[in-house]
Amino acid sequence: MLLAIDAGNTQITGGVFDGDTLVLQFRRTTNIGTSSDEIGIFLRSVLRENGIDHSLIDRIGCCSVVPAINYSLASACVKYFGCEALFIQAGIKTGLKLRYANPKEIGADRIAGAIGAVHLLPAQNLVIVDMGTATTVDIVTSGKEYLGGAILPGLRISVSALASGTAKLPSVEIVRPGHICGTSTIEAIQSGVYYGNAGAIKELCCLYQKSVFKGEKPFIIGTGGFARIFEEYGLFDRITPELVLLGVKCAVEMNARA
């Protein structure tokens, strides 16, 4: 079995693959000060409570955008599973042509998402939108060229910034508002955050279609914690919450064959 870990700024998400089947997903809050023992005990406990013997884990892949916890993650994998984890980073085999000024700057989550998208939708022009702490919008061509993209503040950051940077605006729940034109301060913030992000993503995809794909419509795939709230809005051609975990799995398999 393969354990895939996606360590984000807000949450650590994990998944267990039995062959090509994702048999378990779990998450916990990211804590920069966490120790290798805390991570290892948590991982073993999650597996045990879901009926999975930790000794069956023979491969581990990690995708981390939080460098401060990488040592603890790596140590936990060795100590509690007897496996050296593969960390997604520039220099490993990805199956992508990284057309970036400095590939080392690309977030591991962006690389993993691109790998997962290409695995699901080979030979297609792709726009991958990952809506987490930050919202990333990335381009991969049908020839597996990763061209980069855009990074915007995520929905939660936007709400927090309004609440902390103003005297009277409250923090609000992140949902699709009942009305486009908010009739209360809470609805107005929800409308601005929801439709503002939707509009930004639509505009970026439109510009990519014109300038990068020469008028050909790319396939737009959504992932990340907030992608689902745009499901009925029709922002994406497909929503795949486990996309980054799938990319981690594919990377582990590619590098095992390398």
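User: Over which ring does the charged end of Arg28 sit?
Analyst: A charge counts as over a ring if NZ of Lys or CZ of Arg is within 6 Å of the ring centre and within 35 degrees of the ring normal. The charged end of Arg28 sits 5.1 Å from the ring centre. The ring belongs to Phe42.

User: Which pLDDT must side-chain atom pairs have to count?
Analyst: Residues are numbered from 1 along each chain as its sequence is written, and side-chain values use heavy atoms, with hydrogens and water left out. This is a predicted model: totals for chains, interfaces and linings use all residues, local features need pLDDT of at least 70, and side-chain atom pairs need pLDDT 80 or more.

User: How many helices and strands does the chain have?
Analyst: Helices (H or I, at least four residues) and strands (E, at least two) are DSSP runs, numbered from the N terminus. The chain has six helices and eleven strands.

User: What is the radius of gyration of the chain?
Analyst: The radius is taken over C-alpha atoms, and the globule rule is 2.2 Å times the number of residues to the power 0.38. With 258 residues, a compact globule would come near 18 Å. The chain agrees with that, at 19 Å.

User: What share of the residues counts as buried?
Analyst: Buried means under 20% relative accessible area, exposed over 50%, and partly exposed in between (1.4 Å probe, protein chains only). The chain has 258 residues. The buried share is 47%.

User: What is the angle between the ring planes of Tyr194 and Tyr195?
Analyst: Rings of Phe, Tyr and Trp (its six-membered ring) pair if their centres lie within 6.5 Å; planes under 30 degrees apart are stacked, over 60 edge-to-face, the rest tilted. The whole structure has six such pairs. Tyr194 and Tyr195 are 4.9 Å apart, centre to centre, and edge-to-face, with planes at 75°.

User: Why does the pair Tyr195 and Tyr233 get its class, and what is that class?
Analyst: Tyr195 is in helix H5 (residues 185–211), while Tyr233 is in the loop between strands S10 (219–223) and S11 (238–239), 38 residues apart. Tyr195 is buried, at 18%, whereas Tyr233 is partly exposed, at 27%. Their centres are 5.8 Å apart and their planes stand at 65°, so the pair is edge-to-face.

User: Which member of the aromatic cluster does Asn197 contact?
Analyst: Asn197 is in helix H5 and is buried, at 7%. The cluster holds Tyr194, Tyr195, Phe230 and Tyr233. Leaving aside neighbours within four places in sequence, the contacts of Asn197 include Thr135, Leu152 and Phe230.

Key. Contact = heavy atoms within 4.5 Å.
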